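Please read it with the coordinates open.

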Amino acid sequence: MTGDMKLLYDVKSIRGGYVAFAGDKGGYITGEGMISNGIVSFDKINFVQQLDHNLLSVSQICDKQFSVHFDANGCYVLKPGFKIPKEWILLSAPRINDLYVLDMSQAITTSAQATCFVSKATEKDTISWHRRMGHIHLRKMNHLVSNELVNGVPLKNFHLQDVCVSCQKGKQTKKKHPTKKINTVAVPLERLHMDLFGPVKHKSIRGDQYCLVITDDYSRFSWVAFMAHKSETFGIIKNLIIQIENLYKLKVRRIRNDNGTEFKNHSMAEFCTSKGILHEFSAAYTPQQNGVAERKNRTLIETARTMLVESQLPIPFWTEAVASACYTLNRVLTVKRHNKTCFELLQKRKPDLSYLEPFGAPCTIIDPNGKFGAKAIDGYFLGYATPNLRVWNLETKRVEEWSEVRVQRYTLPVKNPGQPWMFEYDDFFNSINVEAVEENAAARMFFESDNATVSSVVRPILVNQEPSSSVNNNTLNNEDFHDANELNKSSEDDEFVDADQEAPTTAVHGTSEGTPPVDAHRTAEATASSSSSIPGLELVVDLNLNNLGINVPVPDNPETRIHNTHPQQNIVGNVQSGVQTRNMLRNNNNAGLYAAIRESGQQNDWSFACYVSQEEPRTWKEALKDNAWVEAMQEELQQFQKLGVWKLVEKPAGYKKIGTRWVFKCKKDDRGVVIRNKARLVVQGFRQIEGIDYNEVYAPVARLEAIRIFLAYASFKGFKVYQMDVKSAFLHGVVEEEVYVEQPPGFEDPIHPDRVWLLNKALYGLHQAPRAWYATLSHYLLENGFRRGLIDCTLFIKEQDGDLLLVQVYVDDIIFGSTNDVLCREFERIMQDKFEMSAMGEMTFFLGLQVQQTESGIFIHQTKYVGDILSRFQMSDATPIGTPLPTNHGITPDLKGEAVSPSNYRAMIGSLMYLTASRPDIMYPTCLLARYQVNPKASHLAAVKRIFRYLKAYPDTGLWYPRDNNFELVAFSDSDFGGCKIDGKSTTAGCQFLGNRLVTWQCKKQTCVATSTCEAEYIAASSCCSQVLWIQQQMRDYGFEFLTTPIYVDNSAALDITRNPVQHSKTKHIEIKYHFIRDCFEKRLIDVVKVHTDDQRADLFTKAFDKSRFDFLLLVNGIKVKQE
């Protein structure tokens, strides 16, 4: 079995089984072939792509009549016919199903004197001792005998092939239910969660005993209905689904509920089949699979309980309290992943809360018949029946709906007369079987502000949590959160919720049945449960905070794992040679073995793997188990200490602290090889409040167009472009505000665990961090003789003796180049004096762009990214094709076509849009298909896959910037009249060149409908003119004054309109903003020139062509394949 296809020949594709590896990994067998070293051949070698090592079966070697011999030096495959003398054999293991099984208790010995090699217990002895020791775990049994903690047990190793049935009967427990980390529901009504609670102890005023709760998974919008009997459930569900589908113009696709007979019956099955609805059921005794509905029930009941207790209304009003709670919660609770209310997600508008009233408040109703008597009737406010209000009329003793109601919001309710049972709220709501999870005493002590100081002996540690969730939970103390979304950090997005974390202690099953529809559907939604329980909290009585063994002494003075002095005998190589870069090694003929391996191109396959971790840990606890990540984390904290980022202080009263978390990333080179483990400590900036914790946050970053102009200028001047990366750049920015953050998880101060860090410098994650870093860098560069660009604030220029040094900044990534190499070396020295640089050298990989600099020019491509997206969307084995779009593509809205997944379609379009940074050849088809992201069809997906097939054929195509003396600014403008099949709007296209170097291009649908080709071309030329003006301003920083820049247009009428403003009768309906091209023409900033349609380079961005015309346009636009 191998994962390297190059080793096999006569390979054929098969669909084999699944092969599991260590660490919960594996892969499928996708091929079969032969392997040979010229002497010995083996067939039926399976190919598993995910396998990193080659495996050869000893039994298969023996099947070829060969013999295998192992010794201390290696393994030897012997010729057929070799036999071992019997007197040499001490033990033999028979072959059973391609395995050689050695049973030490029944080992066959051929020598006269038997030797005891191990004292391993047989399975029979293991079972006996397991029973004699009280059915303790085998691991505990082996621990006792191996460490000689007991006497009288002659055996040293217990093993058991199967489990002990008696142990399973006495000890088996339910496994923790996994949470769903990614929510796949993308539209409202795609899945509805349903649950029924009841019967309650006392009937409502309408005689209802059951409550049906239906919750939309996407928006968490809820509907409630009350009923007297379970048999009414189906009718309510059927009517509700029909109503909401008609109201919101959406289709219910799936419903999920438990196995109650009110849901699992013949009528429900027939209805779901007729509507095409997938009916999902949770497993028996597993309410976590219906966790959304269970949490919703609990939230509604708790809110209704609060309302009813405050209003002091009798218990029979419980249905009105639940309905009012449902209506209110729909409008006030937010869905965390969208940061919108449930109402807005479903209704597409923000809720208006101005008319909300307190439940049970006294109110007055205008009496239409009260001419000479009282004009108002007393009552109690009960809820909403839009556009009316529901009230309890004290005269008629009935629930009525009125429009003219005056609620006394500030009057406290008065207890109504009645029997004692009518006000025993605790007894009533406890009968509904929704109980709060008791909070751990230590957790309560930890999260209460009065007891926030943690004991030095007993520390609460969050276990089995993601870093984000554990940090969020730690930041709850000393703060009040009134929103249920903030109160429940345990993810309301999860479909399946662990019972210990979110679901009630006693599951709220659908043991109740349906009711008739209520007067009006009153809606509500509950986010997460309002329980005060803290999931995943356990007590650890340990003060071992240094991640060391219990027997390792802890020094009085803490020591780090990063040292700046080493014994000379431990240093490999010449001490005086300094750091050797890859470019220096390339020119070193005496580099030895490493140089030879480097020439083969395989050094990265093993050198980096020896010293760095290949996997990114999910939590900081996993990272602490790997030395490579521990060193990365300590290196980050060492950098904090070196730069004076923070200091440990007591948290002042009235200030809040911001949580921190670790982010782990495996840094890769342009070939995808992991070369570095990076651990970054970030703060939770989303908890900052604008105007209190920060003010200004804007920081300029370089545009991709500016990067391409920089490279075009470098190819024109013939100098090399270098790049550097400032190590921990944000840590150099000075923070003006007073910010307190938590101690890093896993690295808390053992003496002062309750203290916080006061920031002197910015940390990653703070809103003001990018602005602080930019201010520090720009101020330092300006002090050293640089001037800032007038248009591009990320461009810094320095002139000296006629030479120019250019520096382009993108956050902490910097590229620079100069016509004089001395200025480059001086800039490196200046930066190293102030900042610590982690990467310096010739520019090869920047912002996802691969840059290849040669003597003849500069080539920009994204070959690595093309391979990544082909693999991501399973298009690596697609059939290549010559053009990204057929000539007669016929792409229309296709309203009757088969719908496809919008999320997958948008992901593919987004990946292609990023690729257009260096691939203008796919700009037009990508922009065309991006118009159908709202409702994609199968025809649109097929067109997108054709683009991927084109990328499969030409993965290494990119922009070519030749080293020549032509650097004139020219532009081409074109349009596709009425190209959009949705609204008939035209497409604007344009491209701009510096010499023969394509630097910017556009393809965008026009905002208005053009009535003629002349108007469409005129609008396109105006858009191209604005881009030309921006390039002219940008090039002034480079020392160029471009005037009368030609814009080539292939429409004579558009040229006449631009040159002769007298023809106003044909242009008076064109928007004024497009006429500024005339002003630019009169000022001689631009010139419009007629070009033949065959020479129009912008055609590439307006329509599809056949292979010959398409290749010609690629050639004239400077788009070439890497080998060319």
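The points below go from the whole chain to single elements and residues.

1. Overall make-up. This is a predicted model. The protein chain holds 28 helices and 46 strands. Of its 1124 residues, 47% count as buried. The accessible surface of the protein chain is about 58100 Å², and carbon and sulfur atoms own 51% of that area.

2. Contact range. Residues 24 or more positions apart account for 70% of them.

3. Helix α2, covered side. α2 spans residues 123-132, and its buried residues are Thr126, Trp129 and His130. They lie on the same side of α2, because the arc they cover around the axis is only 105°. What do these buried residues pack against? Their partners are α3 (138-146) and α4 (165-171).

4. Helix α2, open side and end. Lys124, Arg131 and Arg132 are exposed on the other side of α2. Just after the helix comes glycine 134, with a positive phi of about 80°.

5. Strand β17. Four of the five residues of β17 are buried, so this strand is mostly covered by the cut-off of under 20% relative accessible area. β17 has antiparallel links to two strands that I checked. Five bridges tie β17 to β18 (residues 376-385), and the two run antiparallel. Here proline 362 has tyrosine 380 as its bridge partner. Three bridges tie β17 to β21 (residues 405-407), again antiparallel. In that pairing, cysteine 363 faces valine 407.

6. A four-stranded sheet. Which order do the strands take in this open sheet? The order is β25-β31-β30-β26, and the pairing is mixed. β25 (646-649) and β26 (657-658) are the edge strands, each pairing on one side only. β26 runs parallel to β30 (residues 740-741), with two bridges between them. Isoleucine 658 is placed opposite valine 741 of β30. As background, strands of a sheet pair through backbone hydrogen bonds, either parallel or antiparallel.

7. Positive phi at two lysines. Most residues other than glycine have a negative phi. Lysine 44 has a positive phi of about 55°. Lysine 44 sits in strand β5 (residues 41-47). Is the residue buried or exposed? Lysine 44 counts as exposed because its relative accessibility is 58%, over the 50% cut-off.

8. Lysine 348 is exposed, at 64% relative accessible area.

9. A nonpolar surface patch. Which residues form the nonpolar patch on the surface? They are Phe82, Ile84 and Trp88, with about 380 Å² of accessible area together. Tryptophan 88 belongs to the loop between β7 (75-78) and β8 (95-96). With a relative accessible area of 60%, tryptophan 88 is exposed. Compare Trp129, which is among the buried residues of α2.

Conventions:
Residues numbered from 1 in each chain as written. Predicted model: local features only at pLDDT ≥ 70, side-chain atom pairs only at ≥ 80, totals over all residues. Heavy atoms only, no water. Pairing = 2+ DSSP bridges. Buried < 20%, exposed > 50% of the residue type's maximum accessible area, 1.4 Å probe, protein only. Patch = residues over 30% accessible without salt bridge, like charges linked within 9 Å, V, L, I, M, F, W, Y side chains within 5 Å. Areas by Shrake-Rupley, 256 points an atom, 1.4 Å probe, with all protein chains shown as cover. Salt bridge = Lys/Arg side-chain N within 4 Å of Asp/Glu carboxyl O. Contact = heavy atoms within 4.5 Å. Arc of directions from axis to C-beta.
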